[in-house]
Amino acid sequence: MPLLHFLLSALEDAVMAFDISSNQYLFISPAVEGITGYSEADMKQQPGLWEKIIDPLDLNEVARSTQQLTQSGEVKLTHRIISADGTLKWVQVKMVRFTLPDTQHEVLMHIIRDVTDILFHRRESQKKITFLESVINAGPALLFRINPDQEYTFVNDTYTRDFGQKKSDLIGKKISDFWHPDDAGKVKEIYQEAKNKPGQVIHITHRRWDKDRKIHWLECDIVGVKDEFGEVKEIQGVGLDVTKQHLIQMEIKRTKETLEALINNTEDNIWSVDCDRRILFANKAYKEFVFRIFQVEIQSGMQLHERISGNEQQQYIEKYKQLYDKAFKGNSFRAYNEFTDPTTQAKIIQEVGFNPIYNEKGQVTGTACVARDVTKQLAAQDEIRQQNARLREIASLSSHELRAPVATIMGLISLLDEEDVSDPEKKHVIADLKTKSMQLDEVIHQIVNTTFIPQNPL
């Protein structure tokens, strides 16, 4: 018996042997005090102390397990106890009920292990796993793994949700079954490259079908992963469904192409410069204009004033520098610029609009310019002014040169009308002269009133 006591005391687990018949402990190992905080003497003085330190929330479960001993003779369970210092601990208990051969006494043995730390770490690990699963499944990223045969071995919830598929629809299926046919060749080569270059992250953009055969655009990073023998065991991937962004980009591209077509089909010169006077954009008309006037081919990023020679051309550029500087101060305005076409030697007048370009911080980063040849328009306006002057001269002649004789005639007719003219025919002639002179006077008034056309100021 002393040898048995020695062996039981040497165990890391705590051991208690309780004689049910005599209601007393036969053996209590030193490890019991380390777990419960109660000494061997405490336990022996209070035979029911073990039941008292069981957490009240677990008492019913322990009672049910104890009742099962009569049938099975052995029960395992995990429950909580409250140690002598008030600490809540988790213990794993194995209860064994047997009969001593020599005394026929019923003995209940408890083999107790403190699993508080184990359960704590297990719970912490489970929390981490739960957190990671929520990150994996709740985020926008598409996570997947495929084996060397390019069959799905894992997909996250986002992957199935975005494509309207169940995991059972994907696991074990070839990833190539869902590629768009036009991309299949390219994507297959890239996945083969990932297999041949393990550890190297490879980016790919391609199309994929969903459950309803609708096309999705994906951007993925894939990498081959080796096993302990250096063989590629799987390819892991993370991606995003960029269908909406792709459609937006396509619409932006179409809009840009439409705008560029409109801008390049106009005769107006349209261009923009940054605050260093470097060309940002130039339409077809402006490029042709610059080449005709300065024999310079416009390119993005160039400074036109550095390519110009000739006195008159330099004057033209210097004036534009001043106009640019005004726009860089945040001013929107129009200006006129006059120069001579070196090919035809004709005078050209341009009306140029300047509008500052702002960044998201409200800072001026450049200016947009629109120039229109208004030479013919101004010539037409000048012709109208000259025509108005001629018409006013005609009106003046009508008012002064014609009105005086007409007035005289009308006065003489009035005198004749007052005389006693007995001849009816003469009376008729006089009346007719009077009518016609009044009509002529009215015509002169109309000429004067309708000739003064207001000038159209520049």
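## Salt bridges

Arg80 and Asp58 are joined by a salt bridge in which the closest N and O atoms are 2.9 Å apart, and this pair links distant parts of the chain, with Arg80 in strand β3 (residues 74–82) and Asp58 in the loop between α4 (49–52) and α5 (59–72), 22 residues apart. Both Arg80 and Asp58 are buried. The model is a predicted one, and its salt bridges come to a count of 15.

Another of these is formed by the side chains of Arg113 and Asp13, at 2.9 Å from N to O. Because Arg113 belongs to strand β5 (residues 106–114) and Asp13 to the loop between α1 (2–10) and β1 (14–19), the pair ties together parts that are 100 residues apart in sequence. Arg113 is partly exposed, with a relative accessible area of 41%, whereas Asp13, at 16%, is buried. In the salt bridge between Lys347 and Glu338 the N to O distance is 3.8 Å; Lys347 is partly exposed at 49% relative accessible area, and Glu338 is partly exposed at 48%.

## Aromatic pairs

The structure holds 14 aromatic pairs. In one of them, the ring centres of Trp179 and Tyr191 are 5.5 Å apart and the planes stand at 35°, so the pair is tilted. Trp179 lies in the loop between α8 (167–170) and α9 (181–196), while Tyr191 lies in helix α9, so the pair ties together parts that are twelve residues apart in sequence. Trp179 and Tyr191 are both buried.

Elsewhere, ring pairs link Trp271, Tyr286, Phe289, Tyr320, Tyr324, Phe328, Phe333 and Phe354 into a cluster.

## Charges over rings

The charged end of Arg208 sits over the ring of Phe163, 4.1 Å from its centre, and Arg213 lies over the face of Trp209, at 4.2 Å from the ring centre.

Note on methods: Residues are numbered from 1 along each chain as its sequence is written. This is a predicted model: local features need pLDDT of at least 70, side-chain atom pairs count only at pLDDT 80 or more; totals for chains, interfaces and linings use all residues. Side-chain values use heavy atoms; hydrogens and water are left out. Rings of Phe, Tyr and Trp (its six-membered ring) pair if their centres lie within 6.5 Å; planes under 30 degrees apart count as stacked, over 60 as edge-to-face and the rest as tilted. Helices (H or I, at least four residues) and strands (E, at least two) are DSSP runs, numbered from the N terminus. Buried means under 20% relative accessible area, exposed over 50%, partly exposed in between (1.4 Å probe, protein chains only). A charge sits over a ring if NZ of Lys or CZ of Arg is within 6 Å of the ring centre and within 35 degrees of the ring normal. A salt bridge is a side-chain nitrogen of Lys or Arg within 4 Å of a carboxyl oxygen of Asp or Glu.
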